[in-house]
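Okay, thanks everyone for coming.

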Amino acid sequence: MAAPSPALRVTTRAAAPLFKNGFLVQSAAGADAVLIDPGDEADTLVADARAARANVGAILLTHAHFDHITGVGRAKAAFGVPIWLHRDDLFLYDGVTEQAAMFGLHVDRQPAVDRFYAPDETIRVGDLVIDVRHTPGHCPGGVCLAIGVAGDAGPHAVDGGSAES
């Protein structure tokens, strides 16, 4: 993963049992922010966003394996913002309880997805500019997100990897 742009503040959190990464990405110059892949660490990310006085404008999902979406409902309840996902992963998102059961875990169904990424879409959340690239392989609807700030030279790639990546 590329080093973050100095125009961004990136907070990374992970939680048991799977210790995958969830992110709060915020403009260093302002309060505009997004949450990425809120899983079991969602409550910590919500607290981080509130402590930073972040204006969270979207929940962005890199894919819909259960560990990347278990906290979507809590994040949505906290901020009331749209949930974004690639349409090719909707079957995984809708099957979150079945996915978790295969690992002997119980998770709740998550709220409905609000928006689907379009091919090679650029999303704006305040002064954040997010280039979405469909990168199937790990899952059919996997995406990478290149995030920058309007007027800044370089995006920061977020690939939705585990705490080890």
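I'll start with the whole chain and then settle on one strand and its neighbours.

Quick housekeeping: this is a predicted model, where local features need pLDDT of at least 70 and side-chain atom pairs count only at pLDDT 80 or more, while totals for chains, interfaces and linings use all residues. Residues are numbered from 1 along each chain as its sequence is written, and side-chain values use heavy atoms, with hydrogens and water left out.

So, the chain has four helices and 10 strands; those are DSSP runs numbered from the N terminus, H or I over at least four residues for helices, E over at least two for strands. Of the 165 residues, 48% are buried, meaning under 20% relative accessible area with a 1.4 Å probe, protein chains only.

Now look at β3, residues 32–36. How many of its residues are buried? Five of five. D32, V34 and I36 point one way, and A33 and L35 point the other.

Who sits alongside? On the one hand there's β2, residues 22–27, pairing antiparallel with β3 over four bridges; pairing here takes at least two DSSP bridges. V25 has V34 as its bridge partner, and four residues link the two strands into a hairpin.

Then there's β4, residues 55–60, which pairs with β3 in the parallel sense, again over four bridges. There, I36 stands opposite L60.

Finally, β3, helix α1 (residues 42–51) and β4 make a right-handed β-α-β unit: with the strands pointing away from you, the path from the first strand over the helix to the second runs clockwise.

Key: Buried < 20%, exposed > 50% of the residue type's maximum accessible area, 1.4 Å probe, protein only.
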